[in-house]
Amino acid sequence: VDDRSFNAASWAGMQAAAQANSNVSVKFSQSTSPSDYTPIINTFLSQKCNIVVSIGFAMGDATKTAATAHASQKFSIVDFSYSPVLPNVDALVFNTVQDAFLGGYLAAGMSKTGKVATFGGQEFPTVTIYMDGYWDGVQYYNQKHGTHVQVLGWNEKTQKGSFTGDFTNQTKGQTLTQTFISEGADIIFPVAGNVGLGAAKAVQQADAAAGSQKVNMMWVDVDGCVSAPQYCKYFITSVQKGIVAAVSTAVTGTANGSFKGGNYVGTLANGGVALAPFHDFDSKVPSALKNELAQVKAG
């Protein structure tokens, strides 16, 4: 629940709902393996929870099975949607290829070495969509500027790239990032939850070794300067999902009788995805690049 990423953001959304409506009380349970999904859902059902919110792509099947078996029970799921839609499931997905595109464009514009990198935790569509957008954004920058910034760790055309295999092992994130840095990448974008803290450690060490800050990074899902403030000075921005607001809306909607099943898609247009503020980098991102990003976003 404290992954500094989509689990933590989802729980923050639950807590926001409880703060917004005094009739709402929330609780969470943590799985240790996929075999826990169904028993946890069944426990919440036996406790007469009005809405059960499951987190993550991997819980799609277990949630569908429970929702189909309990047609009057309300559910929500983060990072997964259904076709055809399930009327008792508020499925919350985020078109993060859009804000990741902005992130890639920004990375290409800020890179001094002409090499940037990205990697994932596990090869899920909710992970590779970020990597696709990042890759696309770099290509678009190259097209606009006649540059040749390379993306290490992912190739959208071949769908081949680097993954650590989980969302928890920070050592793997650190080791992989050190490899990217040694290959010349100066902006790293981990799409890997807590594994990204290992990437931040590697960036910090590279900074110390260089004597001046030559390597930076971007965070994912939530604003890294809020979730991992100790590394804020290395975060150019964060490529965010509006998970907190979406989950809060699902829960408060259940409480006030306005629950809506089906698929919600967060986009740049509806504010469901966005780049976080630049924080320490606000004065370092050139105004011309900021203007270009605004144009790309509008496009």
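This dialogue goes through a few features of a predicted model.

Reader: What do the numbering and the confidence limits rest on?

Author: Residues are numbered from 1 along each chain as its sequence is written, and side-chain values use heavy atoms, with hydrogens and water left out. In this predicted model local features need pLDDT of at least 70 and side-chain atom pairs count only at pLDDT 80 or more, while totals for chains, interfaces and linings use all residues.

Reader: How many helices and strands does the protein have?

Author: Helices (H or I, at least four residues) and strands (E, at least two) are DSSP runs, numbered from the N terminus. The protein has 10 helices and 12 strands.

Reader: In what order do the four strands of the open sheet lie?

Author: Strands of a sheet pair through backbone hydrogen bonds, either parallel or antiparallel. Two strands count as paired if DSSP finds at least two bridges between them. Here the order is E1-E2-E3-E11, with parallel pairing. Strand E1 (51-55) and strand E11 (262-266) are the edge strands, each pairing on one side only. E1 is joined to strand E2 (residues 74-78) by five bridges, and Val52 stands opposite Phe75 in E2.

Reader: Is Thr126 buried or exposed?

Author: Buried means under 20% relative accessible area, exposed over 50%, and partly exposed in between (1.4 Å probe, protein chains only). Thr126, in helix H5 (residues 125-145), has a relative accessible area of 18%, so Thr126 is buried.

Reader: Which residues does Thr126 touch, not counting those up to four places away in sequence?

Author: Contact means heavy atoms within 4.5 Å. By that rule Thr126 touches Phe57 and Asp79.
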